[in-house]
Amino acid sequence: MKIVVCVSHVPDTAAKINIGSDGKTLDPIGVTFIVNPYDEFAVEEALKTKEKFGGETVAISLGGNANKETLRKVLAMGIDNAVLLKDDSYRDSFSVAKALAEEIKAQNAELVFFGKQSVDFDNSVVGQLTAEILGYNCISVVVSFSLEGNKITCEREIEGGKEIVETTLPALITAQKGLNDPRYASLKGIMTAKKKEIVEKQLAAANNSVEIISMKKPAPKQAGKILGTDSTAVPELVRLLREEAKVI
Amino acid sequence: MANKILVFIEQRNGKIKKSSLEALKAASDIAQKLSGSVEAVSIGNEIENLENVGGFGAGKVTHFKNADLESYSPSAYTDIIAKYSTENNINLFFFAASSMGKDLAPRVAVKTDSGLAMDCILLNCESNEIIATRPIYGGKALADVKINSSNKIFVLRPNVFNPGTPTDKKAEVSVVNVDSPNLSVKVVDIKKSDGKIDVAEADIIVSGGRGMKGPEHFRLVEDLAQVLGAASGASRAVVDAGWRPHSEQVGQTGKTVSPNLYVALGISGAIQHLAGMRSSKYIVAINKDKDAPIFQVADYGIAGDLFEIVPALIEEIKKIKS
């Protein structure tokens, strides 16, 4: 079985975010980039599925040369092959999905894993868009996955519980934290990954429908009052919550 | 050209979700500014009080009915909305960014060739165009976006838009029976987590961090949550340590929340946690380290031992509630 996993290269969650001088892009200075955290669960599930059923795993990432770092990391985890769809410029979710769908089709993948969202633009839609473009069945925000024959059963996280969802291959699954424990790359894996070729494909310019007009940092919150250092401050806290904030 | 706006009204167990009414009211406000009409669509079996969506601005609501559609089916719901909107020349769609809305909206976007703005927290109209503000980088920045395609979908973050007080207008309800829906992806069962409120939907959240010192002490978080009618939340550190389930995690790789009140117990305030809860209307922090970053975003703080303070707080709240 051919299994594709799509990975993005994003600012570390511990990074401070600053806006560039154009007022509508991230200022990358001093920002460390990592494999998108949700994509690690997607990679792990792809590897586990291959271990169980055999086949080939291919990672696809869309972005600039820097994304090779993320592709090397997932190759080191055990992914067989990697493709970089090259485009450094801004693409909205739809044009990302179109490019990924085209490559997934070219790969003839039966099963595709995504992270449920990239922690940069946080749209949490590229998986569903890609599936719909491909005509694949899709289950998003998945915390448990099982495949038997052609049939897929997943648990999908919803407000206050989980949905049990069934579908069939070909399918696209988006991974939520809790799906599995992603493995660490072995030393051997890291060495092998260094030697592997990353296939590069240059993309044509995107036709975006969503335009970013500006980016800003949220207004700084004014630090409030420290009411005390022990339980004698409790009555005053409760009074403020009732009378000033009116929230209880 | 007059806009034709369609709002998706989500039902769970036959009850309309509040977040859908928030989206409907926001859509009605947009319709007044941009000249347009607003209608609603809902999918399910029996749905209670659907005519009441009239009070939030929908002139009519179409109920697509089938016993198999009581629980969510992404494939069937997508097909129904896409077909209806194409036949009725809908050009603007509104959804709530609930777990269903976030799953469904992008699928509808492909079928209707619409641009998408997800998780919007503010909508403005400037020279006949909608400018949406949405958090990015887990809430560390905000982007103003504009959709340039002729069909557009706005998906609104729950708990942010005020649904206001409904008028007593009733919507005209038309029921359409659905024959053999496309159930290629289908929810077959729902496991509920024992009556707990979800952090993503709660008006009040009480969260615990590493300062709770161990999973056994989260009883204190739950007790405070209970007297406040709140959801229990957790920091990434305690979720990663296995003390609490991931469904409770607040922050950049958990849930981004905007409750009326957020109470942080023993949470120091890592940047990814602050990003996920800083838009709460009021924040209370109880932490023994007075220099913890959480106090920089807290409206009210007590810099002391939470094991002494929280039991007193529970008693004080019980007193005023009785």
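How many residues does the contact take from chain A and from chain B? I looked this up first. The contact takes 68 residues from chain A and 76 residues from chain B, where two residues are in contact if their C-beta atoms, placed from the backbone, lie within 7 Å.

**Basis.** I note that this is a predicted model, in which local features need pLDDT of at least 70, side-chain atom pairs count only at pLDDT 80 or more, and totals for chains, interfaces and linings use all residues. Residues are numbered from 1 along each chain as its sequence is written, and chains are lettered from A and ligands numbered from 1 in the order in which they are written.

**Side of chain A.** I sorted the residues of chain A that touch chain B and found 34 nonpolar, 17 polar and 17 charged. Here Ala, Val, Leu, Ile, Met, Phe, Trp, Tyr, Cys and Pro count as nonpolar, Asp, Glu, Lys and Arg as charged, and the others, Gly among them, as polar.

**Strands.** I then followed β12(A), which is joined to strand β10 (residues 141-147) of chain B by six bridges, antiparallel. Strands (E, at least two residues) and helices (H or I, at least four) are DSSP runs, numbered from the N terminus, and two strands pair if DSSP finds at least two bridges between them. I212(A) has V145(B) as its bridge partner, and M215(A) has A143(B). I also found β10(B) paired with strand β9 (residues 129-136) of chain B, antiparallel, over six bridges. In this hairpin, four residues lie between the strands, and Y137(B) takes a positive phi near 50°.

**Core.** I recorded 125 residues in the largest nonpolar core, where V5(A), V7(B) and V155(B) have the most contacts. Such a core is a set of buried Ala, Val, Leu, Ile, Met, Phe, Trp, Tyr and Cys residues joined through C-beta atoms within 7 Å. A residue is buried if 20 or more other C-beta atoms lie within 10 Å of its own, exposed if 12 or fewer, and partly exposed in between. Among the residues that V7(B) touches are L24(B), V38(B) and F94(B).

**Backbone.** Most residues other than glycine have a negative phi, and most peptide bonds are trans. I found a cis peptide bond from L169(A) to P170(A), with omega near -5°. S124(A), not a glycine, has a positive phi of about 55°; S124(A) counts as buried because it has 27 C-beta neighbours inside 10 Å. N49(B) also has a positive phi, near 50°, but N49(B) is exposed, with 12 other C-beta atoms within 10 Å.

Technical notes
Lists of a residue's contacts leave out its neighbours within four places in sequence.
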